[in-house]
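Student: Could we go through this structure together, one part at a time? I would like to begin with the strands.

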Amino acid sequence: MWPVMEKDNASSFEGFILVGFSDHPHLELILFVVVLTFYLLTFLGNMTIILLSTLDSWMHTTLYFFLANLSFLDMCFTTGSIPQMLYNLWGPDKTISYLGCAIQLYFVLALGGAECILLALMAYDRYAAVCKPLHYTVIMHPHLCGQLASVALLSGFGNSLIMAPKTLMLPRCRHRRVDHFLCEMPALIGMACVYTMTLEVLAFALAIFIILTPLILILISYGYIARAVLRIKSTAGRKSAFNTCSSHLIVVSLFCGTIIYYLQPANTYSQDQGKFLTLFYTTVTPSVNPLIYTLRNKVVKEAMKKVLGKGGAEV
């Protein structure tokens, strides 16, 4: 039985067919325009955040260091997934090579996991700013922030290094049609023609570390922040503390609210549900993050005015 299974699995090296939304052909052109628009907004918005945090000295702080890292992850995350999606939406060819699928799966898992942990670090930064303001610069010094950002990246890439090869090497008995528009782990596991419970338990255990634990730490941090804010007597002080944290809380809600479906077994949700959730967190969430932080943050808006003012003066 195993030699046959190995022969069948070898056919997977020829590549995959990403079914995507081909069962709704009338949607494909509309989705192409929508996804391309959001991708351009993502690239422009996040690049703006990165440039501002580099050029403006007022943004050389811990908060904007993490924000620039979040923007960088968002840009890489979308670039690793959206171009292939646009190619498949535009024409009849829905294929992706085995190597292309492997690279896409690896980076989507790695960057998505790193972003979850980075959001938890940003929540801790806000906790330190609101609850420990006198010790904030000591607690969140630049060297520690660099180390924490490295931990987030290493955790995401470590998780992907474990899960991506195990997922790709599952026997699929000549099945090449992926009922998704990305090489996503749940869809690839669902194609397997062998018992996958062991792999799904491993995926769940790692998801607890990568997704659920950061989410719990975020909730704990904001619980302490809420208690500290309620103790502030002045209305202006409460408003300032709220503005400091609200942008991050909105981003966390958007990202974790959609990616949480990774905690479910691969066969417990409909593929259409998975597709639209993935579409949301790969296109919409990364594009609105810069808008949320820009529109609600005076420092970012002032930095933009200064940089644009300098550019106008030079011209």
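Predicted model: local features only at pLDDT ≥ 70, side-chain atom pairs only at ≥ 80, totals over all residues.

Student: Which residue stands opposite Arg177 in β3?

Tutor: Ile17 stands opposite Arg177.

Student: In what order do the strands of the sheet come?

Tutor: The order is β2-β1-β3, in an open sheet of three strands with mixed pairing. β2 (95-96) and β3 (177-178) are at the edges with a single partner strand each, so one side of each has no neighbour in the sheet.

Student: Let us turn to the helices. What span should α5 have, and how far apart are its end C-alpha atoms?

Tutor: Helix α5 covers residues 98-131, which is 34 residues. At 1.5 Å a residue it should span 50 Å, and its end C-alpha atoms are 49 Å apart, so the two values agree.

Student: How many residues of α5 are buried?

Tutor: Of its 34 residues, 26 are buried, so α5 is mostly covered; buried here means under 20% relative accessible area.

Student: And the largest nonpolar core: how many residues has it?

Tutor: That core has 49 residues. Among those with the most contacts inside it are Phe66, Leu118, Met122 and Ile225. Several helices each supply at least two of its residues, including α2 (25-55), α3 (62-79), α7 (142-168) and α9 (197-231). The largest share, 14 residues, comes from α5.

Student: What is Leu118 in contact with, leaving aside its neighbours within four places in sequence?

Tutor: Leu118 is then in contact with Phe66, Asn69, Leu70, Leu73 and Ala152. There is also a second, separate core of 23 residues, which includes Phe16, Leu18, Ala164 and Leu170.

Student: Now for charged side chains. How many salt bridges are there?

Tutor: The count comes to two salt bridges. In one, the side chains of Glu28 and Lys94 meet at 2.9 Å, N to O. This pair links distant parts of the chain, 66 residues apart: Glu28 lies in helix α2, and Lys94 in the loop between α4 (82-90) and β2.

Student: Are Glu28 and Lys94 buried or exposed?

Tutor: Both Glu28 and Lys94 are buried.

Student: Which side chains meet in the salt bridge at 2.6 Å?

Tutor: Those of Arg126 and Asp125 meet at that distance, N to O. Arg126 is buried, with a relative accessible area of 6%. Asp125 is buried as well, with a relative accessible area of 1%.

Notes
Residues numbered from 1 in each chain as written. Heavy atoms only, no water. Helix = DSSP H or I, 4+ residues; strand = E, 2+ residues; numbered from the N terminus. Expected span 1.5 Å × (residues − 1). Buried < 20%, exposed > 50% of the residue type's maximum accessible area, 1.4 Å probe, protein only. Core = buried A, V, L, I, M, F, W, Y, C linked by side-chain atoms within 4.5 Å. Contact = heavy atoms within 4.5 Å. Pairing = 2+ DSSP bridges. Salt bridge = Lys/Arg side-chain N within 4 Å of Asp/Glu carboxyl O.
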